[in-house]
Amino acid sequence: MHQTSSRLLRQTDDDRPFTRDLKDLFSTLMVSLPLTPHRVRFTKVEHTFTTEEALTNLGSLKFSQSNRMPDPKDPSRIVTTTTTTTFSMAKEMARTVCNRFVEARFVESLDGKQDFGSRSSVWQLTPKGMRVLTRFCQRNGIHQRHVNELLDSPRNMMQLVILEREADTDNPNFDRGTIEVIFRRFVGEAGPNLKSTSTADSDSVHEYATGLIGVRMIRARKVIEKDTPYIFTGKSAVDWLMDCCMVVNRKEAFELAQQFLVHGFIVPVSEDRNALQRFQPTKNAQYGVTDKGMKIAGWVRSSNGSVNGEATNAAKLPPGIARDSNTSRMSAIIHDPALRLLFREFLQETHCEENLTFFLEVRGFLLDYGVAKRAVPAPRLDLIRETLASAYSLYNAFLAPGSPCELNIDHNLRNALAGRMTRAVGEDAEMITSLDEVAVLFDQAQTSVFKLMASDSVPKFCRDPKYAKVIENRNYESILSTAFATSSIS
């Protein structure tokens, strides 16, 4: 069975590619490049590429994902399911896309260039870009030698903050809880990242190579700054957010820093009056961490044991759901972006992030399925074909025997999926029927994975000292002990 998907990149309202598509396109390009040594200023640098190599490869890019398995009805027969995604673009469009990679800080120039205007410029992946590529390779089971050598290098140490995004707009979730979680990482949960005055605003691109330290700070010296003992510049703030968070442009970094200002976690301490109303990403604009910000960071505790002393209103329980039910806690995690961010990081540490990723991607698939089916005056076959191709991609990544991120689901359900996914699809009306059957099976698999996370991962997450402290400080326990009536699997 072979499914091919070739489509335009989804665009947001401000004309940028959706983050998921941008990351997939970037990773597909990196896998296609030889990433060989190139000489820059008399020094040979490993795992690099030129502008010309990138633009040429983007002109006709193809990525195939295959899975071989025994036919459920005839184990002696091997069936291969393959999903191929192709990208094709003119050279100027390819140049624009590559500049998006620079803007997102996935790649950096080794010869001082700011964009892909020079054919001979040499580029390398940043720690952030390497982390994006690592996640792509893990999901798709890529084990090419030159890619493995790059990802096994000491530079691949970034602990990237993965932002949760709205499925329909791709806008980051900047709710209060998420802002607090990111702010704790931003200023440093272990304490301020203090530097001497002369190096507090270093331009080193590797300053935050691991993502484990907070933004560069200095101690305040002026009497007027006694209430904000730790100070950083607007430029350092944007550098940290761009390097250590999954923001894809400076606009998103500005908006995130602005939220720190709006919530009173930081305050301007420079004489720049513009900084009072709008965050300024410059070296001259200085900001101090407020007492409220230090409490959010966990450096100082409030008298009642919570970080900010604010209670969170608990949602009402639906009839028949126990207040301490792990199912209700899992539902709360799915619906709360900040909890989902923390839960994802916990799953990464316990090597089972694929469960949450699958659940959320199936949710997106089912939404696309609904859109394709509701098209008027009749279902659009191009949408049906594209949605079916995405189902095969999900199946090959998460559900097929021996897949890169194989999930633990019921044996009978796995066989039913294998039987459906290895059966011919047909055309037109038969294709729609096939998609209907696939959607039902994926919905069942999503429910199975939800229950697995609720019974196994959620209790461990709530007991883990690292996250239990955050849950307690943020008053999340009141959220985790309730369920939302709008559960996506109800």
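**Note on the predicted model: strands, helices and charged pairs**

1. Three bridges link strand β10 (residues 230-233) with strand β12 (residues 286-289), and the two strands run antiparallel. Within this pairing, F232 has Y287 of β12 as its bridge partner. The model is a predicted one.

2. β10 and β12 belong to an open sheet of five strands, ordered β8-β9-β10-β12-β11, and the pairing in this sheet is mixed. The edges are taken by β8 (193-194) and β11 (266-268); each has a single partner strand, so one side of each is left without a neighbour in the sheet. Helix α6 (residues 176-187) packs on this sheet, where it touches β8, β9 (216-219), β10, β11 and β12. The direction of α6 makes about 105 degrees with that of β12. Helix α8 (residues 250-262) also packs on the sheet and touches β11 and β12. The direction of α8 makes about 90 degrees with that of β11.

3. Strand β7 (residues 122-125) pairs with two strands described here. With strand β3 (residues 43-50), the pairing is antiparallel over two bridges, and F49 has W123 of β7 as its bridge partner.

4. Is β7 covered on one face or on both? Both faces are covered: V122 and Q124 are buried on one side, and W123 and L125 are buried on the other.

5. Two polar residues in helices deserve a look. D21 lies in helix α1 (residues 19-32) and has a relative accessibility of 3%, so D21 counts as buried. The side chain of D21 has a polar contact with the side chain of R10, at 3.0 Å. N355 lies in helix α13 (residues 353-374). N355 is also classed as buried, because its relative accessibility is 7%. Leaving aside residues up to four places away in sequence, N355 touches L407, V449, L452 and M453.

6. How many salt bridges does the structure hold? There are 33. One of them joins E92 and R95, whose closest N and O atoms are 3.4 Å apart. E92 and R95 are three residues apart in helix α3 (residues 91-103), which means that about one helical turn separates them. E92 counts as exposed because its relative accessibility is 52%. R95 has a relative accessible area of 19%, which is under the 20% limit, so R95 is buried.

7. A second salt bridge connects the side chains of R139 and E361, with an N to O distance of 2.5 Å. R139 lies in helix α4 (residues 127-140) and E361 in helix α13, so this pair ties together parts that are 222 residues apart in sequence. R139 is buried, at 13% relative accessibility, and E361 is buried with a relative accessible area of 18%. Helix α13 is also the helix that holds N355.

8. D170 and R165 form a further salt bridge, their closest N and O atoms being 3.9 Å apart. Are D170 and R165 buried or exposed? Both are buried. Elsewhere, salt bridges that share partners join R105, R216, K235, D239 and D243 into one network.

9. On cysteines, the count of disulfides is zero. C244 is in no disulfide: the nearest cysteine sulfur is that of C245, 6.8 Å away. For a disulfide, the two sulfur atoms would have to be within 2.5 Å. C244 counts as buried because its relative accessibility is 0%. Another cysteine, C352, has a relative accessible area of 14% and is therefore buried.

Terms used. Residues are numbered from 1 along each chain as its sequence is written. This is a predicted model: local features need pLDDT of at least 70, side-chain atom pairs count only at pLDDT 80 or more; totals for chains, interfaces and linings use all residues. Side-chain values use heavy atoms; hydrogens and water are left out. Buried means under 20% relative accessible area, exposed over 50%, partly exposed in between (1.4 Å probe, protein chains only). Helices (H or I, at least four residues) and strands (E, at least two) are DSSP runs, numbered from the N terminus. Two strands pair if DSSP finds at least two bridges between them. Contact means heavy atoms within 4.5 Å. A polar contact is a pair of N or O atoms within 3.5 Å; within protein, one must be able to donate a hydrogen and the other to accept it, and residues adjacent in sequence count only if both atoms are side-chain atoms. Axes are lines fitted to C-alpha atoms, for helices over the stretch in contact, and angles run from 0 to 180 degrees between N-to-C directions. A salt bridge is a side-chain nitrogen of Lys or Arg within 4 Å of a carboxyl oxygen of Asp or Glu.
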